[in-house]
Amino acid sequence: MMMLILMVLFNLTGCEGYQWQVNDRAVYTPPSTLIDIQATDFALRACIDQTIKDQNITSANQLTTLICTNAGIVSIEGLNQFNQLEQVNLANNTISSVSGLIGMSAIVKLSLENNDIKEIQPLLGLMKLTSLNLAGNSALPCEGVAQLSAQVSSVYAPEHCTRH
């Protein structure tokens, strides 16, 4: 009898992703993953979708870390639906606008290294930001980088802004 119980339990451990029913009534329904991603860029959406699957995320506020390096991302519009993101790495893409970060007040660490960022005004509203990497953004105006450096404790500026 004990062996039968152990066999049943062993077989059920691989079934946590399935709904269990008894007499056509659900007794367990696993949480579904978040699938309504509002991002307009296909590459960003694909990266978010993969992260959601990898971390078994079921709601937007559970996503706190996003790493989408070398992903072919052009636009980050719609990323702000994940307003609990604390760490975001979008290095080595072709992003030119950071307006998709407006309202993302939880971000502490942000890497936009090696992109095509041309304006940084939206970054000034990220009040919890402590680490920002803007290296490799050759079109970025240095005046804005200086303004951010006064607000953020650790800023890696593009090379053209560090030459004296």
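Modeller: Let's begin with Cys68, which counts as buried at 1% relative accessibility. Buried means under 20% relative accessible area, exposed over 50%, and partly exposed in between (1.4 Å probe, protein chains only). This is a predicted model, where local features need pLDDT of at least 70 and side-chain atom pairs count only at pLDDT 80 or more, while totals for chains, interfaces and linings use all residues. Residues are numbered from 1 along each chain as its sequence is written, and side-chain values use heavy atoms, with hydrogens and water left out.

Biologist: Which cysteine does a disulfide join to Cys68?

Modeller: A disulfide is a covalent bond between the sulfur atoms of two cysteines. The rule used here is a pair of cysteine sulfur atoms within 2.5 Å. Cys68 is joined to Cys47, with an S to S distance of 2.0 Å. Cys47 lies in helix H2 and Cys68 in the loop between strands S3 (65–67) and S4 (87–89), so the bond ties together parts 21 residues apart in sequence. Helices (H or I, at least four residues) and strands (E, at least two) are DSSP runs, numbered from the N terminus. Cys47 is buried as well, at 13% relative accessibility.

Biologist: How many disulfides does the count come to?

Modeller: By this rule, two. Another joins Cys142 to Cys161, at 2.2 Å from S to S. Here helix H3 holds Cys142 and helix H4 holds Cys161, so parts 19 residues apart in sequence are tied together. Cys142 is partly exposed at 26%, whereas Cys161 is buried at 18%.

Biologist: What does the torsion about the S-S bond say about the handedness of Cys142 and Cys161?

Modeller: That torsion is about -90°, so the disulfide is left-handed. For Cys47 and Cys68 the torsion is about -95°, so that disulfide is left-handed too.

Biologist: And helix H3: which residues are buried there?

Modeller: In H3 (residues 142–151), the buried ones are Gly144, Val145 and Leu148. They span an arc of only 100° around the axis, which puts them on the same side of H3; the arc is that of the directions from the helix axis to the C-beta atoms. Glu143 and Ala150, on the other side, are exposed.

Biologist: What do the buried residues of H3 pack against?

Modeller: Packing is read from contact, meaning heavy atoms within 4.5 Å. The partners are strand S6 (131–133), strand S7 (154–156) and helix H4 (159–162).
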